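The following questions and answers concern one predicted model. Each answer sets a value against the definition that applies to it.

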Amino acid sequence: MNSTERDAYVGRCLRVAELARSNGLTLRKLDKPPVLEAAHDGKSVQFPIVTDDRLWPQTSVEEAFYSVLVDARGWAQADLSDTILVSLTDSTERSEISLMKRDRENEQERMNDLTAMLGGEQQLAALYATADLT
């Protein structure tokens, strides 16, 4: 990523986090394991972050929150229907189906909590729009 692309990315992350904060969220990083926590009015939700231990300290809270939205959008768009899952032919892939479904359910629960803390679906949609994830 060149410096212009990096600047655009960081700017997007900052705008998304600022919008979340304007809706009353407090964002913070937790180190072990790497987690982004969003909190509001005594409630919180933690999003696990897949990262390299060397990169996590360099990742800003704003970048971590942006990655949460990207990941959540990916899970929301994932097609885990039986039709798709039946097409998995590798035994390893098939053995992971229940884990994939559970991971998706867990992510949906976290996003439901985040949506409630933001104040509803419109606020979440505004975050996605600001993140260019619509």
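Q: Which element gives the largest share of the lining of the largest pocket?
A: Helix H2 gives the largest share, with four residues. The elements that supply two or more lining residues are strand E3 (43-48), helix H2 (61-77) and helix H5 (97-118). The pocket itself has a volume of about 240 Å³.

Q: What makes Asp 103 a lining residue of the largest pocket?
A: A lining residue has an atom within 4 Å of a point of the pocket. Asp 103 is listed in the lining, which also includes Phe 47, Trp 75 and Arg 110. By class, this lining has six nonpolar, one polar and four charged residues.

Q: Which helix gives the most to the lining of the second largest pocket?
A: H5 does, with six residues. This pocket holds about 160 Å³ of space, and among its 13 lining residues Ala 72, Ala 76, Gln 108, Met 111 and Tyr 128 lie nearest its centre.

Q: Why are H1 and H6 called roughly antiparallel?
A: Angles over 145 degrees count as roughly antiparallel. Helix H1 (residues 3-22) and helix H6 (residues 121-130) pack at about 165°, with their axes 9 Å apart. The two helices are therefore roughly antiparallel to each other.

Q: Which residues make the contact of H1 and H6?
A: H1 contributes Arg 12, Arg 15, Val 16, Leu 19 and Ala 20, while H6 contributes Ala 126, Leu 127 and Thr 130. By class, these are five nonpolar, one polar and two charged residues.

Technical notes:
Residues are numbered from 1 along each chain as its sequence is written. This is a predicted model: local features need pLDDT of at least 70, side-chain atom pairs count only at pLDDT 80 or more; totals for chains, interfaces and linings use all residues. Side-chain values use heavy atoms; hydrogens and water are left out. Axes are lines fitted to C-alpha atoms, for helices over the stretch in contact, and angles run from 0 to 180 degrees between N-to-C directions. Angles under 35 degrees count as roughly parallel, over 145 as roughly antiparallel, 65 to 115 as roughly perpendicular and the rest as oblique. Contact means heavy atoms within 4.5 Å. Ala, Val, Leu, Ile, Met, Phe, Trp, Tyr, Cys and Pro count as nonpolar, Asp, Glu, Lys and Arg as charged, and the others, Gly among them, as polar. On a 1 Å grid over the protein atoms alone, a cavity is a set of points where a 1.4 Å probe fits but cannot get out, and a pocket is an open set with protein on both sides within 12 Å along at least five of seven lines; lining residues have an atom within 4 Å of a point. Grid points are joined across faces, edges and corners, and a volume is the space filled by probe spheres set on the points.
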